[in-house]
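Hi everyone, thanks for coming.

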Amino acid sequence: MNRIILPFILLVLFGITSCTPRFFKGMEGEGKQTIKRENLYPFTYKAGETVTFSMQLEYKDNVMNSILLVQPEENGNIRGVCTSVFGSTVLDFYLTEKGMLIYDCMDQLKHKKLLRLLEKDLMTSFFKRFKKPTYEARVWSKKTNSKSTIATDKLLLGKGYCIKSKMGKCKIKTDEIEQHVTEIENSGKISAAQIQYEYEQGNFTPKTIKIKHPNLGLSILIEKYESE
């Protein structure tokens, strides 16, 4: 009897541990690998140039529209100011690879957990939390048959990574054809977030960043203003 039960138990355990997370559905697992930061296609805006975004925060039935000004520096740090449409300061901050320094913020944001949540969102969205040159990651890939005459040839469409940083575990998807990040999922009971990036063709910096906190009913939409 034990000879029958033991292999069955091992098969069940293997099935559980090797299960593909929902985030990587449709992708094939490739096991653990050491990847470079460049594999995540981190983006940067031009140093010294102020980039203007519209930012909309939506919490249940409440919506707040604001303007986000971001100025990257030569050292990679980011100076940012978020103001209301009337010009009052919502959040005045400075992003480095060590965290977010807050100079000023509106009274409604002066809560430690809320500021920590915004820090994690902004650090992740603008790739400041990914400071190490290499990461140990579980890797997934999405491939399709190429137009090659060799039927076994596969075209790599996308990659997926599950990595850990000081801010916790996160999952990342990339588009290997366009070579940019497309989606990030942050873990956490309260701070769990889904971040999606949208690009214009041929542009390696996102035009739109969508952040959703499903457990909180909070969403943030950041859209770049294009100069005429």
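This is a predicted model: local features need pLDDT of at least 70, side-chain atom pairs count only at pLDDT 80 or more; totals for chains, interfaces and linings use all residues.

Find Leu101: you'll see it in strand β6, which covers residues 99-105. Is Leu101 buried or exposed, or something in between? It's partly exposed, because its relative accessible area is 45%, and that label goes to anything between the 20% and 50% cut-offs. Who touches it? If we skip the neighbours within four places in sequence, Leu101 is in contact with Asp92, Phe93 and Tyr94. There's also Glu119: that residue is 18 residues away from Leu101 in sequence, and the two C-alpha atoms are 9.0 Å apart in space.

Okay, on to charges. Side chains of opposite charge can pair when their charged atoms come close. How many salt bridges does the structure hold? There are 8, and I'll show you some of them.

Start with Lys159 and Glu30, whose side chains meet in a salt bridge at 3.1 Å, N to O. Lys159 sits in strand β8 (residues 154-165) and Glu30 in strand β1, so this pair ties together parts that are 129 residues apart in sequence. Lys159 is buried, at 13% relative accessible area, while Glu30 is partly exposed at 31%.

Next, Glu185 and Lys171: their side chains form a salt bridge too, 3.5 Å from N to O. This pair links distant parts of the chain, with Glu185 in strand β10 (residues 180-186) and Lys171 in strand β9 (residues 168-175), 14 residues apart. Here Lys171 is buried, with a relative accessible area of 16%, and Glu185 is partly exposed, with 23%.

One more pair: Lys110 and Asp107 make a salt bridge, and their closest N and O atoms are 3.3 Å apart. Lys110 counts as partly exposed at 47% relative accessibility, whereas Asp107, at 57%, counts as exposed.

Last stop, the surface. Which residues gather in a patch of positive charge there? They are Lys32, Arg138, Lys164 and Lys169. Take Lys32 as our example: it's in strand β1, residues 28-36. Lys32 counts as exposed because its relative accessibility is 63%, and the cut-off for exposed is over 50%.

Terms used:
Residues are numbered from 1 along each chain as its sequence is written. Side-chain values use heavy atoms; hydrogens and water are left out. Patches are made of residues with over 30% relative accessible area and no salt bridge: like charges are joined within 9 Å, nonpolar side chains (Val, Leu, Ile, Met, Phe, Trp, Tyr) within 5 Å. Accessible areas come from the Shrake-Rupley method with a 1.4 Å probe; for residues, only the protein chains shown count as cover. A salt bridge is a side-chain nitrogen of Lys or Arg within 4 Å of a carboxyl oxygen of Asp or Glu. Lys and Arg count as positive and Asp and Glu as negative; His and the chain ends are not counted. The place of a charge is taken as NZ of Lys, CZ of Arg, CG of Asp or CD of Glu. Helices (H or I, at least four residues) and strands (E, at least two) are DSSP runs, numbered from the N terminus. Buried means under 20% relative accessible area, exposed over 50%, partly exposed in between (1.4 Å probe, protein chains only). Contact means heavy atoms within 4.5 Å.
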